[in-house]
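Visitor: Hello! I would like a close look at one part of a protein model, with the rest of the chain as background. Could you walk me through it?

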Amino acid sequence: PRSGSYLTWKPPSASNPNNNHAQLAAQEAAAIVRSANANKVLVFLASPAEVEEAATIFDSLCPTVSHAAIHAKAAHIQKKLLSSRAIFANAVAETSLTIPQLTHVVDFNTTTVVRARREDNVTEAGVDLTSRSSMTQRRGRVGR
């Protein structure tokens, strides 16, 4: 197997809770694809909204570099994977997709979770830290 790089991001600290993951993701992906023509990066973010925002920001940073936003609502996923050098995805890319020639994975260690509040019978979506098993699965995306 090829060697690759897996980078993890620490969650925002209490002193700086407004880390914009989409902005950081786009900047990191841009740095990776600019460092070598053969580099292909997969960036894990929590929600489809973050995925789309990161792809939009990346487009402004690297307008000539092919990229894709991958989440359950995205269409034509496999075709996008083959032609993209920067891929922004949520948990959908953990197990269901094979990404040829992937050299880097950047993981923000977050995932969207749905919680039920029993006291008022309401469900709400939130962001939580990714489990260790998910982190291991995400790390395994590189070098296949």
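Guide: Happy to! This is a predicted model, in which local features need pLDDT of at least 70 and side-chain atom pairs count only at pLDDT 80 or more, while totals for chains, interfaces and linings use all residues. Residues are numbered from 1 along each chain as its sequence is written, and side-chain values use heavy atoms, leaving out hydrogens and water.

To your opening question: the protein chain exposes about 7,900 Å², and carbon and sulfur atoms supply 52% of that area (Shrake-Rupley method, 1.4 Å probe). Of its 144 residues, 42% count as buried, meaning under 20% relative accessible area, with exposed over 50% and partly exposed in between. The protein chain has 4 helices and 7 strands, taken as DSSP runs (helices H or I, at least four residues; strands E, at least two). From the N terminus on, they run β-α-β-α-β-α-β-β-β-β-α. Among contacts with a separation of 6 or more, 62% join residues 24 or more positions apart, a contact being heavy atoms within 4.5 Å.

Now to the pair you asked about. Helix α1 covers residues 21-35 and helix α2 residues 48-61; their axes come within 8 Å and cross at roughly 45°. The axes are lines fitted to C-alpha atoms over the stretch in contact, with angles from 0 to 180 degrees between N-to-C directions. That angle makes α1 oblique to α2, since under 35 degrees counts as roughly parallel, over 145 as roughly antiparallel, 65 to 115 as roughly perpendicular and the rest as oblique. The crossing is right-handed, with the near helix turned clockwise from the far one by less than a right angle. On the α1 side the contact includes H21, A22, A25, A29 and V33, and on the α2 side it includes E50, A54, I57 and L61. By type, the contact residues divide into 10 nonpolar, 3 polar and 3 charged (nonpolar: Ala, Val, Leu, Ile, Met, Phe, Trp, Tyr, Cys and Pro; charged: Asp, Glu, Lys and Arg; polar: the others, Gly among them).

D59 sits in helix α2 and is partly exposed, at 34% relative accessibility. Between D59 and A30 there are 29 residues in sequence and 9.3 Å in space, C-alpha to C-alpha. V43 belongs to strand β2, residues 41-44, and is buried, with a relative accessible area of 0%. Leaving aside residues up to four places away in sequence, V43 touches A25 and A29, along with I87, F88, A89, V106 and F108. V43 also lies 9.3 Å from A54, C-alpha to C-alpha, at 11 residues apart in sequence.

Most residues other than glycine have a negative phi. N109, in the loop between β5 and β6, has a positive phi of about 55° and is buried, at 9% relative accessible area. N121, in the loop between β6 and β7, has a positive phi near 55°, but N121 counts as exposed at 71%.

How values were computed. Buried < 20%, exposed > 50% of the residue type's maximum accessible area, 1.4 Å probe, protein only.
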